[in-house]
Structure formats: structure tokens, C-alpha cells
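Please look at the sequence and the 3D structure below before reading on. The report then takes selected parts in turn.

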Amino acid sequence: MRSKTMPIERRSPVQFHSEIKKSEVRDRWTVVLAYADEGRGPFLVDLSHASRWDLQDRNIAQMTPLGKQVPESPGQCLFQDGVLVNRMNRTQAAIWHLFGTAPELPAEPGYTDVTDATVCLALFGPNALAVVEKLCALDFLDPGKQPPFLLQGPFSHVPCQLVLMEKGRGFDGGLLLACSRGYAASMLHALLGAGAEFGLTPAGEKRFNDWLGKPEPVKARPARKRKGEK
Amino acid sequence: MRLEQLPTLRVDPSESCALHYGGKTCQGVAGDTVATALYANGVRIFGRSLKYHRPRGLYSLDGECSNTCMAVDGIPNVRAENTLAKNGMHVEAQNVMGSADFDWMGFMDKLSWLMPAGFYYRTLHKPARLWPFALKQVRKVAGLGKIAPDFRMKGRYAEIYPTADVCVIGGGAAGMTAALAAAGHGLRVILLEARPWLGGCFDYRVGPYDGEKALYQRGRELAAQVEGAANIRVFVHASNVGVYNNNLVTAFQVGARSDSFDERYIEIRAASVVVATGCIERPLLFENNERPGVMQVGCAHRLARTYGLLPGRRAVFSIGHDLGLEAAVDLCDLGVEIACVADIREDGQNPDLLLALAERRVPFLRGWVATRAHGGKQVEKVTLRTIDGLVKRQFECDLIVASAGLTPLTGPLTLAQARLRYDAHTGYFLPTDLPARMHAAGRMTGRNHPLAIEASGRLAGLQAAADCGIDTAAAAAAAADRLRELPGPERGTKLVTAPVKGTKSFICFDEDTTVKNIKQAIDMGFDVPELIKRFTSAGTGPGQGGIPGHNLPLFAARYQALTGATPVPTTARVPLVPTLVATYAGAAHDMSKRTPLDELQKADGGVFRRIGVWQRARYFSQDFSCREEVLNVRTNVGMLDGSTLGKFRLHGPDALKALQRIYVGDMAKAAPGKIKYSAMCNEDGCVIDDGVVVKIAENDYYFTTSTARAGETAEWFRYHTRYDGWDYHIVNLTDALGVINISGPNARKVLQKVIDADLSNEAFPFAAYREFLIQKTIPVRAMRLGFVGELSYELHAPASYMVALWRMLAEAGQEFGIRNFGVEAQNVLRMEKCHIILGVESEQRTNLLDLGLGFLWDRKKTGTKTVGTVALRQAEADPARFRLVGIEMDDSDRAPRDGSLIVDQRIRGYVCTARRSVTLNRAVGMALVESDLAAEGTRLEIFEDECQGKRLAARVVPMPFYDPQGHRMRM
């Protein structure tokens, strides 16, 4: 005998205490598109709803997940059409679907859906890398490395995958961070604490899409101007 | 009265700040340190010394000794010389009974004869009954400063972890030139400077740099260049505290007013390091050489030039280097009456400086030295003698500027394992060879000519750039040529102590160690500086050896000259500069893990404890016996958040081989739809983990581990298969999947309400595995297990769905009175059933057989060797091992604490877990005991912490205590 049907939602481990301005439900996740006061950056965006796959195979270099070539060397990344492929080691790659809904997990045995295994955050904007420097000894400012690139190591003492997506002037730039989901609350506390002096604020997914240049969906019709609008 | 118009000032006289000291308000100005602000207000005695309660005053300005350690805003041992004064600070003198000026303990100075070197090691021990009393008294008077036990540290502490190509330690002329040279090649450079500004020994000096500008002007010119370079990061007021392998450099920085921190810890990784830390002064050893009014050359000079404060009215200089002459000339020009300058050196002085002294009619004595400072609390007079002691003169004065020579600050080099050797020319301890990718520059190499200082910095900067792969060969060769053209290292003074007995000549101010104490230690056989240091405690105080570091080995060698002793320096150790523990703690983010059900558990009244890396709900009421939680599971149904369990996917053609290698059971027997329980051992056969394995598909397995081992499991597999070249892969799903354990006789009824499938005992029996899709949405992996000894289902579901699933089950169980149970209730339940938890019922030496889990070991499996089985075969024949037994207490209401010892005349085992069982109404538990105590009925005595000799009594009983046939979990 079954009980009555309950609404089922998926919950992100990230809960910002900011006023939500706009959100939408996507694949049972409530995705915040914008918060009321996002400030001028740096920004912290929750991407835990973005599908993330683990791919392990002895011949990974020959694999083309979603038609994309796995980067040749560990630490290298490929960012194409909103999909980020991080080469992690000799036999493993991470595939993150940063824009929109991911396709079905491929049937080959090497793939595992690990979306729920990690918390995924984007930290970007002015002085974003100064926030990082307060929590992490990994060198994201190495002029010899061009983004995107992957570093794996402790971030606020927690093992993380960190992908530098952009390096600007000084400490400006942005990165993506993924660590064990259980650390989400501690990681937020550490990040927001470290970023307070720089004005780090939670931001919605739109801010992230604008940053990484997600193409806007083509609108069928231009919105009709209201009376009085120029 | 401030000198407000000096171009060298680093204070802003237009902005005042007020400190509270001794019941008065002391006005300082912006940029003052606590010490200079107090000095400006006439404070000359800052505290009292450790043993003798001698008055102590301003001696250096860089915190080289504890003279000016004070309590500031409740924090003891704050170095007043290095601490910037802030409005409203409350400052107190330390180690005083009364006040710094009138200390009732001052009589201790008269009893110094009772306290020879190492007196506390040699006296007070006999008769033995005296020691406890003496110990209390020594502890009462030992140490400087007091802190309230409930003191809470205020302030903002942070940390940063920057990376650089070149890290330059020292922001003087050499350091800045090195930084510019390296940065000129596009490298990332970090420059650390301990003072709040760049400039080093150039910063306060008005002597000529070249024909056009003064030294301080050159210092500021270099500082502007450094600060303007985009690829040089400058950390001022940042003291280097450590240097480790691979050029890991640590420091702490004191925040300026505009900074977001009060202090922060800095950890720098650099490809190359330049050490340009310069020199401090080698104290002159003479009687009462630490009397307030005696100060170092740099202290007196900087007090005037940097802070605008005249150090005294009438001064006598007793010095051994040209910086002393330069300071005498300058202070004379600034208004200090210089009664006499006595130079240890017979010759070698800069003639320009001698001429300048003559022009100012300052008496100058060659080969003379101060032998005694007179005056009770402050200097009133000084005795000077020729260095052979034959002729003496006395001068009235309120200031003795004294310095025997210079001491290079080689701490960073020695921390990096550089070997130091005494250099007879400079009188310094200099490195014989530098560690790889580390370079020394500036005054620490013995060079004092300004151009030579800079040239050595440039050369070091270019060499550091070469370490980073830049071709600087030509530029470095040119820089080396330039350096050779300039004056080289200067001859240093060799005088160690003035011709005095040394009764009150202090070699270490912090520990009140005199020259006489050193002689006593050597006479007692402590013949090398490292031993003398420990026996006399010289150099072990807050100054970190700054004051005695050079003089101690020099004096020890001189005193033992007949034995051919050579000066050997003591070892520098981290931290080179002391600071607050709070700074090392930094922001101290507590990084712990929370389950997907964390918020729900809190809302349900969960009492959380940190268990390993996880925050877990241990109780659900303030009744920590968990009576209601336990009984509800035994009689009804309860839910536990078990999400912390380790969970893994293992896949690939060789996955089974990997399982066979790690697990003691035959994993080929793992069949679809069934659970296989097994254990892992280490090479010694000791159990490290247990869990269940499920075959999901061909070459595809899902297995669980204990919470504690989850983080290490993947590496454990990889390590033990590293030579096999097997094709398998492991995915850690610990956080990906949450776990709800629904247990109790009504568990099936609850679950049936949310799952559209046959859950009967026949369709889903004990030890079976099933997969369900709840409401066509939530994929659930369900296992029939019985850890708590009841009908139980373990539901594994994606973490993001866990809240929804929990709510669904809670609602379904409402009619049965379902309720949460926490980790402690689970602990009691499984203990009643004698199901073990590894790490609780085992320790490092406990093997599979000790725990009675030998049945898990499949001795016949073929194909691969299993980790630990060789050792297990040997252990099988060993009768003398510990055994896990059940125990029942004589007193049914009194369970011993976990970990209590089982004893007779010696320790025979220990209690693993024991509780008063609410189900059985008796106190039971499990214990590991020596095998001859393992027989049923054996009486055991238990020694518990603080039992005051009254042992608890128990006897060995059969296990399990609850439902021995296991009917309930199979129902």
C-alpha cells in the first residue's frame, strides 16, 4: 500500500541566507537565478545542480564524451559548449555540464553520475583570487598556466577540484570549486568569511552565465514595447 | 618633547593617541609603538626581570629581549617595542609586585648569590619531601606575565598562502635591490619586512649615501621603486618565523589600520629565497649592562630619528663599530650632550666620523670600554676602562649607548640547514655553504658600505632569478665584478666582555643569565653552548636568543681557550620571532561534514557531536542513556541517518580481482540481489574495516565501508594493487548517496507505504539487496541488514533526494509513532546484539581472529593473495592473543566507562563498550582481554579513571546478549 504522493524536490547542500529575487525549478532543483542584492563582486554562485560525471577508463585519452576530446594531460581542461572536461589523472576525467540540463548519462560502464557527490561553486569577479589565496596554497596566478586549468588539492584544508576559468588583472578572475558535498556548509562559511573584506556576496546563476558567456536562448518574438517606453 | 621636523620621522606628531598606563594617560602620536609612546611620557622602567626583579628599560627597538614585554589589553608578554600604540590601549608592567618603579620583590636582586646556574636542578630536591613545596613556589614566581583562565582572545586573525618565484626576506637596501633585480626579469617577487616600513638600516640615517643624497633618501627612493613594481608584493610589518624544505617561508604580519586583520599568518612557497635580514647589535657585556638608560646604538639613534625622541640628556658611548660613531655625531647634532665616546677598537675607525666628533668637541677614547653602569633604577654614571682594565674614568650621564659589534641575523639560513662557522675577520657566524636556491645579501655578509650592500643585493636577486630558469649569467657576472670593486666585509671587534668579574654582566636579559652563570655552568662540565643554553636557560626566553645568541658561544670559547674550543653557535629554531597562537590559528574555519539530513535532524531536536570529520546527531533528547530511542526501535520503529557510511562503486574487468585482494572473504560468491558481509585486514592481519559488497552488474560492484575508513579506502585499493596493472576503477560515492536506516518490528509496514513492491520476508529476505524507484523518481538501493538486531532496511538514495525521502518515510511512519534515533542509541542497540564497530571493539593490534570474525576468512579462495592472510595463518596458532568477550557487571546499574582497564596485578585488557542496557535491564558490554581470561564465568576486575582504588566487578558471559538466535532481524 502506498501513501499519498508527496512533492519531491532535490536539495542543494548550499543554502545562502540572501533574499531570492528570481528562481526556477529545473529537474526538481530550485535554481536561484538572481538574488536581491548581489553587490559588485566578487560573486559566489551555487552550481550544485549542474550535472557532473565521473569518467574512468584505461584508454581515456581516446574517449570523446559528448563528442569532446578528453584533454591530453592531467591538469588540462577543455571548456566547450558549456561542458567542462577536466583531465584528473592517467585514467580519470570529470565532465561538468555548466549550462542547462545535461543529457542522459552514457551507457558505457566508465561513466558515473556524481552530481550529488560534490558541492560545486563558482567564485569570480574582482579580487576573487585574493579570496582564494586566503584559503589555499595552490598557485592560480602562475603566469605559465593559461585558463582553464585544473588544480587538485586542499582548499581550506578540504580536498578539492579547482578549475581556474579566468585570470584578469591582479587578483581578478574566477574559478570553479568542487569538494565533497558534506563540506558544503563549512566551505561556504570559510569562503564568505574570507571574502567578506572584498565584498563577496552570493549571486544567482544568471550572473554565472553572464560571466562565462552562456548564449541567451533565441526569443521567438521581441517583447512588445509598453506605452511610454523608448 | 618631540623633534617634529625631522625628515626621517616615521610618526605623525599631528595625530595623537592615548594609552593608559599605571593609572595615568600617556599621550603618544600616530606611528608610535607602545614602548616609544611610554618613553615619550617619561617611562624608563618597563618591567622587572624574571629571577632577580631587576628594573628593565628600553634596550632595542625590535623586541630582541623581554625588557619591554608588557601586558597590553589583558594579553601578557606583548613586545611593546614592536606593537603599534592604539588609542585606548591598557598597558601594564609585568613581573612586578607593586609597580615597575617600586617592586616589592626587588630584594631578589640581593639574593642572586643563592641562585647560581641551574640552581633549580641542583637544589630543592633533597630532602625529597621538600620538592612538592618548592615546586609550588618555583611555579608561582616563574614566568613573565599572567593570563586569566577565562581570557578570550579578541581580534581578527587571518592567513594567506601566496606563491612567488623569489621571496626576499628583509626590506632593507639589499633586500629591495634583490627584489628589483629579480622583478626586472618579470618574476613574481615577495618582499617581507619586519618593520612597518621599508628601508632597513638606511631608513633613519642622515649620513651620505653618495655625493648627492643621504642614506634615508636613498632608502625611500628604493622603497618607491619597489612599491611601484607591479610584480613585487610587499609585506611590511611582517616577521619571518620559519623556513622549511623546498623554500616554504612562513611569516606573520601585523595589520595596519586599514587592513581587515589584526595579525595574519603568511605561508609563502617560493622557487628561490634571498635572505637579507641584516644585523642586530651584539650586546656589550659589562656590569649592570641592562640598567634602564643603557641602550643599543640603533635604539638610541632610531628613537631620535624615527620617533623624534631624544634618548637622554647626557650620553656616554661605548661602542665597537662605526655606526656608533655615526650615531654619536648625529645625536650630538640633535641636542644630546655626548660626554664621551669610548671605542673598543684601537684603530680602523672611519676618519670622517672621527673628524666630525672632533669638530663637535666630543672626547674620543680608543681601546676603552664601559665596565660598570651606576645608578639604582636608572643610569646615573658610567665607569670606563681601557680594555686591559688598567686605567679607569667615570662620567656622569643618564644614557649609556653600548654595543660590542654586530650580529648577522642568520636564522632563516640555519632553519634551511645552512651550516655556520665562525669567521675570524668579521667575528660573525657565517654560512659555509648556502642551501640550494637560497642566497644571502647585505649587511649579514659583513658588508657595511652602502654601495656594497646594494651590489650584494643585486647579485643575490640575479642569482635567485637564475634559480627560476632565467638566463642571468652575464648580468650576474657583471654584478659580481661590481661587488668585488666595492669595499668587502669589514673587520669586526673581537672583544667579548669588558674586564669585569661578570657577576651582574647579563649575557641573557630574558632569563637573568650572567657571565658568572656561564662560567659556573662550564665549570660544572657543561662545556658546549647547546648544553650551557639548556642548563642556564640563556637564550630560551621571548627574545629567541637575540641578545645572547652571539655572545654565549664567543664567551664559552674564550673561557675554554686552553682546551682549544672554537666558537660554535647554538641552533636557531622556529619561530624566529614570537607571536600570538591566535595568529597561527588564523580564521580557524572548522571544516566538518554534514549529512544531507543535517537540518531535519536539528529541527527534530538532534544533539550533535563531531565524530571524525562528520557532525552527527548523537542523541535526540537530553537523556543521554537514549532509553526512549532504544525502546522505540526494539518495540516499534525508528529512523537513523546513516549517511556517513562509506560507499563506493568498483567497476572494470578486474574489479573482482581487486575485491579478492582486499577482502578476506571469497568475493566471487557475491551474487546479484544478495549482500556479502566481509572484512579487510592490513598486512598484519589486523582488521581495518568491514562492510557489505553487492554485485550490481557484471564487473560492477557497490560496497560500503565504515564511516571512519571512507576517506582512505580508494587509496587502500590502489596501493595494494599497484604492481598488478589490473583494469578496474573506483568511485567514491560516500557523499553522493545518503542512507536512512529504518529499524524495528514495524519497519516493513512503514516502508511498504512508500514502495510499490513486495517487501515480504520471502520476496525481500534478510541479507538481500533490491533496487526501487520511489514515486517513479527517487532511485533507492535497499539492503536488509540487522546491525541493531531488529528488522532493518538500509536505504541508499541520492543525497539531493534525501530530505524528500526522509519526509516521506516520516509521514508514512506517523501512524506507528516512528521517531528518530541517534548514533548513541544505535551504539547501545548494536552493543546489546554484540555487533562490533571497528575502532571501538578493536585497536591497531586486534586481528580478525581476536574478534571472533574468523568465519569471514575464506582460506580456500584462489586467484589472488589477500592482504593480511599470511599473518592470519601465523596468528591462528598463537594462543596468547587478546579475545573479544561479553561482560556483565555485578552491579546491574553501573556500567564502566569505555576504555576502562581490566586488571589484576597488572593490566589484562580493557573495556571496549559498556552500557546499562535498557532492553535487558543490566549493565553489559564487550571487552578485549587476554585469552586466559576469556572463558565464560571468569571474574574480572575493572579499573576506571578516578575510581580511587575501588574496582568494579564483572564476569565473562556469552555473546550476544540480545536475541542470540537472530530471529528478530530475520522476521
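## Basis of the model

This is a predicted model, in which local features need pLDDT of at least 70 and side-chain atom pairs count only at pLDDT 80 or more, while totals for chains, interfaces and linings use all residues. Residues are numbered from 1 along each chain as its sequence is written, chains are lettered from A and ligands numbered from 1 in the order in which they are written, and side-chain values use heavy atoms, with hydrogens and water left out.

## Chain B as a whole

Chain B contains 23 helices and 49 strands. Here helices (H or I, at least four residues) and strands (E, at least two) are DSSP runs, numbered from the N terminus. Along the principal axes, the C-alpha atoms of chain B fill a box of roughly 115 × 70 × 55 Å.

Of the 971 residues in chain B, 60% are buried. Buried means under 20% relative accessible area, exposed means over 50%, and partly exposed lies in between, using a 1.4 Å probe and protein chains only. A contact means heavy atoms within 4.5 Å. Among contacts in chain B between residues at least 6 apart in sequence, 66% join residues at least 24 apart.

## Enclosed helices of chain B

The buried residues are Ala655(B), Ala658(B), Leu659(B), Gln660(B), Arg661(B) and Ile662(B). What covers them includes strand 34 (646-651), strand 35 (676-681), strand 36 (687-697), strand 37 (700-705) and helix 19 (710-720) of chain B.

Helix 14 of chain B is also largely enclosed by the rest of the structure, because 9 of its 12 residues are buried. Among them are Pro548(B), His550(B), Leu552(B) and Phe555(B). The expected span of a helix is 1.5 Å times one less than its number of residues.

## Helix 2 of chain A

In chain A, helix 2 runs over residues 184-195; its 12 residues should span 16 Å, and the end C-alpha atoms are 16 Å apart, which agrees. Its buried residues are Ala184(A), Ser186(A), Met187(A), Leu188(A), Ala190(A), Leu191(A), Ala194(A) and Gly195(A). They pack against strand 3 (43-46), strand 9 (118-125), helix 1 (128-133), strand 10 (149-155), strand 11 (158-167) and strand 12 (173-180) of chain A.

## Two helix pairs in chain B

Helix 7 (residues 322-334) and helix 8 (residues 351-359) of chain B pack at an angle of about 30 degrees, with their axes 9 Å apart. Axes are lines fitted to C-alpha atoms, for helices over the stretch in contact, and angles run from 0 to 180 degrees between N-to-C directions. Helix 7 and helix 8 of chain B are therefore roughly parallel to each other; angles under 35 degrees count as roughly parallel, over 145 as roughly antiparallel, 65 to 115 as roughly perpendicular and the rest as oblique. Asp322(B), Leu325(B), Glu326(B), Ala328(B) and Val329(B) in helix 7 meet Leu353(B), Leu354(B), Ala356(B) and Leu357(B) in helix 8. By class, the residues of this contact are 7 nonpolar, no polar and 2 charged. Ala, Val, Leu, Ile, Met, Phe, Trp, Tyr, Cys and Pro count as nonpolar, Asp, Glu, Lys and Arg as charged, and the others, Gly among them, as polar.

The axes of helix 4 (residues 173-183) and helix 5 (residues 215-228) of chain B come within 10 Å and cross at roughly 30 degrees. Ala173(B), Met176(B), Thr177(B) and Leu180(B) in helix 4 meet Gly219(B), Leu222(B), Ala223(B), Gln225(B) and Val226(B) in helix 5. This contact has 6 nonpolar, 3 polar and no charged residues.

Pro147(A) and Pro148(A) are joined by a cis peptide bond, with omega about 0 degrees. Pro148(A) is in the loop between helix 1 and strand 10 of chain A. The bond from Val574(B) to Pro575(B) is also cis, with omega near -5 degrees.

Asp512(B) is not a glycine, yet has a positive phi of about 55 degrees. Its relative accessibility is 0%, so Asp512(B) counts as buried. Glu946(B), also not a glycine, has a positive phi of about 60 degrees. Glu946(B) is exposed, with a relative accessible area of 71%.
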